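Hi,

Here is the structure I promised to pass on. Have a look at it first, and then read my notes on the ligand site below.

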Amino acid sequence: MKIRVPATSANLGPGFDSCGIALSQYLSIEIIKDTETWEIQHSLGEDIPKDETNLLLQTALTVNPKLSPKLLKMTSDIPLARGLGSSSSVIVAGIELANRLGGMHLSQKDKVQIATEMEGHPDNVAPAICGDFVVASYVDGEVRYVKHHFPMCDVIAYVPDHELLTQESRSVLPQSMAYQEAVQASSIANVMIAAILNGNLPLAGVMMEKDRWHEAHRDHLVPHLKTIRDMAHVLGVYGAFLSGAGPTVLVLSPEEKTDQMIQELEKLPGKASIHLLSVDQEGVQVF
Ligand code: HSE
């Protein structure tokens, strides 16, 4: 059995802690055989545990403590601590592992609820489970979510070589916001979502860049965001925004402008990798 979970991009600008899309990079977990103790084979770096302290097994054993040990193989092309949902992908894989090995028959809603409780917000885990574009709320301990098709476009990820931990990127956010500002911030998100549902990416892209919840507070941590946004405007692509808590920036582009946008991104002085992705429509898969 093999479990595959997509990368995700949370927020899409103004959909802070609520909106997300699944992307075409993946974490894969393969079950190799029964063993005496849990073991994970991987080549993802020395810092990632290979025993029960790995987030994958912590998650799986929290969901179902009775699972019997296995040898697993973990591979991933989702970069760590870059704002592309790497830890959410591991949590989602852990829940699916417990679900399948323990014969739990969890529904999609059960998985989204459990994953959100573990992660703290639904905007990465919900699209990692459902695929495509998901809008979710997590209020009074209950998750409610809607999945919808995201309009066709290219997704260019500018992934800086340095990490930015979500905890650090959340520590710069304010504790409160004036009522009128919150009303405006909410209206911007509402129009962005409605434009996506209508397939109107030019308008969605404009609204994605008008976030009032988080990007301005984070801009000193991600100085490349403004530069990329300026480039995006010159080329006339749909829009550019911080992916989750950063430092990755996503650019949504019509196919005919993608090559030119990538060429411009390659000229930037910072160390980064550039990936041409698409929206994953499936979410977590078991083969
Ligand atoms: N909505 C979250 C944030 C995503 O921006 O902090 C990262 O987990």
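The ligand sits in the largest pocket. By "sits in" I mean that more than half of its atoms lie within 2 Å of the pocket's grid points; a pocket is an open set of points on a 1 Å grid over the protein atoms alone, where a 1.4 Å probe fits and protein lies on both sides within 12 Å along at least five of seven lines.

Bear in mind that this is a predicted model, with local features needing pLDDT of at least 70 and side-chain atom pairs pLDDT 80 or more, while totals for chains, interfaces and linings use all residues. Numbering runs from 1 along each chain as its sequence is written, and side-chain values use heavy atoms, without hydrogens or water.

Around the ligand (a heavy atom within 4 Å) you'll find A10, N11, F16, D17, H121, D123, N124, T166, R170, R218, G244 and A245. Helices α4 (122-130) and α5 (166-171) each give two or more residues to that shell (helices are DSSP runs of H or I, at least four residues; strands are runs of E, at least two). Both domain 1 (2-149 + 282-286) and domain 2 (154-277) supply at least three shell residues, with bounds from an automatic or database assignment.

For polar contacts (N or O pairs within 3.5 Å), ligand nitrogen atoms lie 2.5 Å from the D17 side chain and 2.6 Å from that of D123. R170's side chain has an N or O atom 2.6 Å from a ligand oxygen.

The G246 to P247 peptide bond is cis, omega near 5°.

Cheers

Definitions and conventions:
A polar contact is a pair of N or O atoms within 3.5 Å; within protein, one must be able to donate a hydrogen and the other to accept it, and residues adjacent in sequence count only if both atoms are side-chain atoms. On a 1 Å grid over the protein atoms alone, a cavity is a set of points where a 1.4 Å probe fits but cannot get out, and a pocket is an open set with protein on both sides within 12 Å along at least five of seven lines; lining residues have an atom within 4 Å of a point.
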